[in-house]
Amino acid sequence: MEGKTLYTVTIFSENRVGLLNQISIIYTRRKLNIESLSVSPSSIKGVHKFTITSYSDRETIEKLVKQVEKRIGVLKSFFYTDDEIIYQEIALYKVPTEKLLEEPNLEKIIRKYNARILEMSRDYTVLEKSGHPEETEALFEDLKCHDIRQFVRSGRVAVTKDINEYVTMFIEERKQAKEDMR
Amino acid sequence: MSEKITGAEALLRSIEAEGVDTIFGYPGGAIIPVFDRLYDHGSKLNHILVRHEQGATHAAQGYARVSGKTGVVFVTSGPGATNVITGLSDAMMDSTPLVVITGQVSSESLGSDAFQETDVIGITQPVTKWNHQIRTADEIEWAVARAFYIASTGRPGPVVLDFAKNAQNELIEWKEYKKCDFIRSYIPYPEVDESEVDEVAAIINEAKSPMIISGHGVMIAEAEEELKALAEKADIPVSTTLLGLSTIPTSHPLNKGMLGMHGNIAPNMATNRCDVLIAVGMRFDDRVTGDVNEFAKQAKIIHIDIDESEFNKNVKVVASIHGDAKTVLQKLLPKVKEAKHTEWLNSFADDEKLEQEKVIQSEVFPAEGELKMGEVVHKVSQVAGANAVLVTDVGQNQMMSSRYFQYTAPKSIISSGGLGTMGFGLPAAIGAKIGAPERPVCFFVGDGGIQMTVEELGVILQYGVAVKIIILNNNFLGMVRQWQDLFYSKRYSQTPMVNPNFVALAKAYGIQAEDVESREELDEAIKRMMEYDGAYVLNVKVEQEGYVFPMVPAGSTMVNTVIAPGEKYQSTK
């Protein structure tokens with residue numbers, strides 16, 4: 001991704017069918033590959049939050065965010081560079097238990113990465129680690145020699161460092177605007 | 001008092017409550033219940049049966065653009081729905097309010113590849129302002145109210161309601177219809193930021209050589225008077241985009257003509273000299289700017305638009321005002337000081353003279369030779385009068401007619417600007433005439449474009465729609481031929497056309513028609529056409545290898561304007 005920056009776009013929307021498609025169309029038109037995507041209800045009742053990361057340049061992402069915000073059903077959309085947000089992702093690792101027990105430094109590794117064991121059976125063990133992609137990736141590298149069967153990562157979730165909560169403000173404004181009309 | 005009615009009936013009552021009186025449509029299996037109810041609504045809802053669903057959308061566009069009302073279309077599922085995609089894309093590009101109701105298979109069959117099932121929501125998402133699938137009858141009122149609100153407000157656009165057949169038949173309680181006037185996530189008319197207005201006024205007040213570009217947004221907002229007032233107060237020359245034509249009368253002294261690839265030389269060149277460029281309700285299309293990196297580089301560009309996502313999309317601006325053109329111009333006007341820019345205005349004269357001598361004279365007033373497109377347009381426009389509406393197809397006919405038609409009243413041009421849809425014109429002209437029956441509608445089309453939607457002559461036959469159709473017939477796909485001529489060594493790949501007898505074709509549809517082959521016949525034929533009470537086709541044989549000039553080659557800059565084959569514009573400055 002030469003000359004490109006990883007941008008995190010957050011989108012707050014009504015909880016309606018088809019919005020994800022409308023958003024992804026806008027990425028597709030600009031040929032932006034989505035690196036990660038996470039969608040879930042936000043802290044505001046009835047409002048969904050999308051967190052999407054992609055490599056781009058500032059100008060493109062700025063235009064994209066405006067076009068996303070234009071869609072009916074989208075309340076607010078923002079974009080950030082990594083230094084403007086606190087972000088995290090979660091990774092799960094499934095390793096044959098037998099192999100894992102062969103590791104002389106198992107305790108060390110788990111401590112080093114602050115990983116957790118979620119499940120352990122005769123056949124396999126599932127580890128969990130949350131962190132930045134390079135951290136979850138590093139644990140994957142260390143466990144690679146133990147025949148990892150599955151390694152999955154979630155999309156990014158993020159909160160801003162900004163003190164203002166623009167979405168809440170926007171929703172309040174719109175509530176007021178609706179009352180003023182009546 | 002409430003009563004039980006079907007979903008189909010609820011749809012019709014809802015659109016009646018929205019003030020709709022005209023529908024363009026075509027029935028089919030998945031929309032039969034709606035058409036069945038329509039049978040009893042004939043006194044209030046005038047349904048125009050088109051001959052192809054594409055025609056329904058373009059007719060609705062013509063209707064909407066001439067009247068300012070929302071165009072309504074009814075079609076069936078599957079092929080009926082896929083046939084409206086071109087019209088939806090066109091309406092999306094040219095900000096035209098449409099509500100298109102597509103029939104859909106019953107909800108329980110959705111996703112099963114049922115007969116005439118298509119994923120209409122999926123297909124139409126990129127080309128609609130909003131879409132929604134109605135699966136139960138109790139959603140109808142909500143969906144219709146939102147559809148009309150979204151289509152007609154803010155930057156207008158097309159909306160699709162995909163209406164499942166079970167919901168058409170389902171019984172519901174009918175209560176009073178409530179229009180939509182609020183959607184939390186949608187702010188159609190943003191409050192204008194006074195500080196933005198102050199900033200822009202200050203820039204205009206300091207300008208020595210300002211220029212206005214008036215776009216389609218001025219027409220949509222009906223801000224023609226405000227625009228004129230601003231131009232006159234601060235003595236600013238006005239240029240227009242293709243769809244902005246008729247936002248200022250042709251004869252107004254400050255109207256310096258159309259911008260763009262086939263625009264007028266003087267305003268095009270002035271984009272390279274002005275110090276402030278005030279763009280109102282337009283979006284810097286590449287056909288307007290040419291190479292965006294070279295466009296108005298020296299100027300402070302101010303952008304006034306209702307769509308915030310247009311700011312800095314194609315060109316960088318120094319200031320912008322987000323809002324409806326009418327509201328913004330009303331706020332701007334008192335803050336702009338009276339000014340005189342006599343010298344600046346006079347600087348347009350040399351290029352105007354050059355275009356007049358090198359291009360217009362031979363195109364509009366040829367003394368001999370074959371008929372020219374420009375002269376035909378000019379003569380029709382003179383006879384048609386001040387209130388006439390120009391409808392164009394796409395290609396040379398579009399550029400010639402838009403260049404040489406005289407505009408007096410607002411909303412006098414209907415053309416496929418953004419999408420450039422050949423075949424748009426005939427149905428759009430029909431829709432325009434139905435939307436403005438008191439205005440003469442002159443439709444210019446090529447021999448190629450007329451054949452793309454020629455089936456709509458059937459609508460003229462059935463409803464007696466009095467459109468005047470002028471075929472500028474050169475037996476070529478003329479605009480592509482022109483490009484092949486200028487840029488592809490005259491290799492006329494697939495552009496010569498063998499055409500039917502258009503007069504016989506028109507007559508088969510019961511439409512008055514005649515051929516015009518020479519200059520001597522032209523005036524009388526135009527007179528007969530305009531005086532005739534009804535539709536009329538003039539098949540005018542024009543010069544085969546004519547050119548639309550001036551021309552800024554695609555992706556090039558204004559200074560590279562071509563004014564004749566092999567002849568480039570030379571600056572007199």
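Predicted model: local features only at pLDDT ≥ 70, side-chain atom pairs only at ≥ 80, totals over all residues.

Reader: Fine. Into which domains is chain A divided?

Author: Domain 1 of chain A covers 5-86, and domain 2 of chain A covers 87-157. Their C-alpha centres lie 30 Å apart. Domain 1 of chain A puts 10 residues into the contact, and domain 2 of chain A puts in four residues.

Reader: How much area is buried between domain 1 and domain 2 of chain A?

Author: About 580 Å², with carbon and sulfur atoms giving 53% of that. On the domain 1 side, A:S38, A:D82 and A:I86 lose the most area, together 48% of what that side buries.

Reader: What does A:D82 form a salt bridge with?

Author: With A:R156; the closest N and O atoms are 2.8 Å apart. The count between the two domains is one salt bridge. There are also four residue pairs in polar contact between them, both residues at pLDDT 80 or more.

Reader: Which strands supply the domain 1 side?

Author: β1 (5-14), β2 (36-41), β3 (47-56) and β5 (85-96) of chain A each supply at least two residues. The largest share, three residues, comes from β2(A). By class, that side has four nonpolar, five polar and one charged residues.

Reader: Switching to chain B. How many residues are in contact there?

Author: 24 residues of chain A are in contact with 25 residues of chain B. The two chains bury about 2,200 Å² between them, 51% of it on carbon and sulfur atoms.

Reader: Which three residues of chain A supply more of its buried area than any other three?

Author: A:K66, A:I72 and A:R174. Together they supply 31% of the area that chain A buries against chain B.

Reader: And how many salt bridges across the interface of chain A and chain B?

Author: Four salt bridges. One pairs A:E59 with B:K316, the closest N and O atoms being 3.9 Å apart.

Reader: Which element of chain A gives the most to the side that touches chain B?

Author: α6(A), with six residues. α1 (19-29), α2 (58-70), β4 (74-80) and α6 (166-181) of chain A each supply at least two residues to that side.

Reader: What is the make-up of that side by class?

Author: Nine nonpolar, five polar and 10 charged residues on the chain A side.

Terms used. Residues numbered from 1 in each chain as written. Chains lettered and ligands numbered in written order. Heavy atoms only, no water. Domains from an automatic or database assignment. Contact = heavy atoms within 4.5 Å. Buried area = accessible area lost by both parts, 1.4 Å probe. Salt bridge = Lys/Arg side-chain N within 4 Å of Asp/Glu carboxyl O. Polar contact = N/O pair within 3.5 Å; in protein donor to acceptor, adjacent residues only side chain to side chain. Helix = DSSP H or I, 4+ residues; strand = E, 2+ residues; numbered from the N terminus. Nonpolar A, V, L, I, M, F, W, Y, C, P; charged D, E, K, R; others polar.
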